[in-house]
Amino acid sequence: ALSLNMRSNEMDLDKLLGPFLPKDTGAKPAPAAKPKTETAKTPPADPNAPPPEDFKLTEEQKDMLKDADMSLDILMKKITYDQTEIKDLTVKSEVKGLNTKLDPFAMAIFDGNISAKGSLNLGADPIAFTGAFDMNAVQVQEIVSLVAPEHANVLVGKANFDLDLNGAGTTPATLSKTLSGAGAFAFLEGTANGGSIAEQLAAKLNGFISDSSITKAADGVFDQAAKLLENPVIKASPAGQKFNLDQERQKYQSFSTIQITDKMQADQDLKDTKGSLEIKAGRVYITSAKASDSGSFDLNSSVGLDMSLGGKATFTASKSLKEHMKAQSQYADLMFDKQGNFALDLALAGSAMAPAVNVNFDPLKQRFQANAKALVEKEVKKEIEKLKNSLMQGKVDEARRALAKKQEEARRKLAEERAKAKARADAEKAKAQKRAEEEKKKAEQKAKDKAKDKLKKRFGL
């Protein structure tokens with residue numbers, strides 16, 4: 001067994017490994033520039049350059065290493081490889097033939113630190129690997145540039161990664177087929193330089209709102225009210241004439257004026273964004289939640305090494321966005337569920353640089369129409385009930401007035417009858433008194449005449 005203990009302050013691996021590397025591998029793309037005040041653009045790859053080849057050992061090299069039995073203990077302060085600077089490279093390895101075990105493998109690179117442990121199969125064609133990787137505060141665009149250099153600037157910033165990976169090959173074309181694994185990520189800082197999902201969602205939601213109508217959703221309710229108002233009795237009544245169904249329709253128009261674009265501006269800041277990763281079949285499947293002032297996006301998406309975008313997301317509006325909507329129209333909550341939440345399911349397509357968002361508005365449309373109809377039924381029914389009550393009150397008042405009139409007529413007739421009866425009684429009394437006076441006078445005259453007759457007889461007259 002051979003033990004190799006290596007220490008170095010500085011080494012250029014391009015020169016050291018030159019004899020083992022494939023010849024004429026084509027022009028290598030320049031490494032992504034580290035961002036300063038703004039993101040640098042990656043130079044386009046030369047379309048005439050031959051595709052890169054995977055690193056593999058020749059049969060002569062394999063034969064030379066097949067009986068190898070060695071251990072490596074390497075510490076290098078600075079290494080230059082493929083225009084990339086590596087610091088504090090630490091490698092402890094056991095080599096048995098064409099199989100190599102690494103524990104640990106660590107280095108400072110991409111402005112951060114990477115540590116790993118795993119194994120390499122140098123006899124595979126292309127070479128195969130498996131291992132656990134821990135990356136701390138690395139520049140994400142540098143990682144992306146390893147597998148998709150033309151898209152290195154889609155994500156810019158520092159992040160932590162904890163990944164278990166296995167695969168084969170060293171070129172993007174091969175890795176896209178063989179690389180698989182799972183793990184977690186957390187952005188310390190960063191920016192997504194692709195298109196804005198939030199802005200597209202806002203535009204589509206504005207379109208849905210402007211095309212939606214409370215009055216259309218409740219057409220049946222208004223039709224029933226219109227028929228009721230055609231009733232001759234109601235139509236002729238003062239209350240019926242004052243009731244304006246068009247005004248009832250008009251008050252619901254504010255809903256269609258709701259706009260949320262100013263609250264759904266592009267939010268590309270990735271700071272504190274966390275989630276889980278799964279890599280398979282050339283795609284990175286991402287599960288993550290990203291919050292902003294407008295709301296949160298729960299992502300269950302995937303990105304290919306060609307930056308093609310797929311998967312789903314759910315947007316849940318924040319309290320401030322819902323209040324902004326209700327400030328524009330008191331009927332905004334017709335779109336909210338029973339718990340007062342406002343969520344939309346999204347399907348993602350396009351690419352990371354130019355995402356396309358498709359929104360499933362069917363659940364929202366059904367909820368809005370049901371809530372709108374229920375609201376109009378309640379409010380219009382309330383107004384109709386007021387109208388009916390007004391009519392009923394009018395009938396009661398009319399009946400009361402008729403009764404009062406009849407009672408007054410009866411009192412008047414009774415007074416007249418009493419007056420007539422009194423007049424008759426007074427007339428009869430006057431007649432009786434006159435007769436009594438006449439009888440009295442007759443009696444007095446008769447008495448006088450009788451007295452005269454007595455005097456005549458007495459004196460012989």
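Is Asp69 buried, exposed or partly exposed? Asp69 is partly exposed, because its relative accessible area is 32%, and the class follows from the cut-offs: buried means under 20% relative accessible area, exposed over 50%, and partly exposed in between, with a 1.4 Å probe and protein chains only. The model you are looking at is predicted, so local features need pLDDT of at least 70 and side-chain atom pairs count only at pLDDT 80 or more, while totals for chains, interfaces and linings use all residues. Residues are numbered from 1 along each chain as its sequence is written, and side-chain values use heavy atoms, with hydrogens and water left out.

Let us stay with Asp69 for a moment. Asp69 forms a salt bridge with Lys96, with 2.7 Å between the closest N and O atoms. This pair links distant parts of the chain, since Asp69 sits in strand 3 (residues 69-81) and Lys96 in strand 4 (residues 84-96), 27 residues apart. Lys96 is partly exposed too, at a relative accessible area of 49%. Here a salt bridge is a side-chain nitrogen of Lys or Arg within 4 Å of a carboxyl oxygen of Asp or Glu. Helices (H or I, at least four residues) and strands (E, at least two) are DSSP runs, numbered from the N terminus. Side chains of opposite charge can pair when their charged atoms come close.

How many salt bridges does a search of the whole structure find? The search finds 14 salt bridges. One of them joins Lys66 and Asp63, at 3.2 Å from N to O. Lys66 has a relative accessible area of 48% and is partly exposed; Asp63, at 47%, is partly exposed as well. Another joins Arg249 to Asp246, whose closest N and O atoms are 3.4 Å apart. These two residues are separated by about one helical turn, because they lie three residues apart in helix 10 (residues 245-250). Arg249 is partly exposed at 26%, whereas Asp246 counts as exposed at 53%.

Now turn to helix 7 (residues 219-229), where Val221, Phe222, Ala225 and Leu229 are buried. Why do these residues share a side of helix 7? They cover an arc of only 95° around the axis, which puts them on the same side of the helix; the arc is that of the directions from the helix axis to the C-beta atoms. The face turned away from the buried side of helix 7 carries the exposed residues Gln224 and Lys227.

Two further buried residues show how the chain folds back on itself in sequence terms. Phe208 lies in helix 5 (residues 197-211) and is buried, with a relative accessible area of 11%. Its C-alpha atom is 8.0 Å from that of Phe361, although 153 residues separate Phe208 and Phe361 along the chain. Ser294 is placed in the loop between strand 11 (283-291) and strand 12 (295-304), and counts as buried at 6% relative accessibility.

Most residues other than glycine have a negative phi, and most peptide bonds are trans. Asp103 and Pro104, however, are joined by a cis peptide bond with omega of about 0°, and Pro104 lies in strand 5 (residues 99-109). A cis peptide bond also joins Asp125 and Pro126, with omega of about 5°; Pro126 is in the loop between strand 6 (112-121) and strand 7 (128-139). In the loop between strand 5 and strand 6 you will find Phe110, which has a positive phi of about 55° although it is not a glycine. Asp111 lies in the loop between strand 5 and strand 6, and its phi is positive at about 65°, again without being a glycine. Phe110 is buried at 11% relative accessibility, whereas Asp111 is partly exposed at 42%.

Lys446, Lys450, Lys454 and Arg458 form a positive surface patch. Patches are made of residues with over 30% relative accessible area and no salt bridge, where like charges are joined within 9 Å and nonpolar side chains (Val, Leu, Ile, Met, Phe, Trp, Tyr) within 5 Å. Arg458 belongs to helix 12 (residues 362-459) and counts as exposed, at 68% relative accessibility.

How values were computed: Accessible areas come from the Shrake-Rupley method with a 1.4 Å probe; for residues, only the protein chains shown count as cover. Lys and Arg count as positive and Asp and Glu as negative; His and the chain ends are not counted. The place of a charge is taken as NZ of Lys, CZ of Arg, CG of Asp or CD of Glu.
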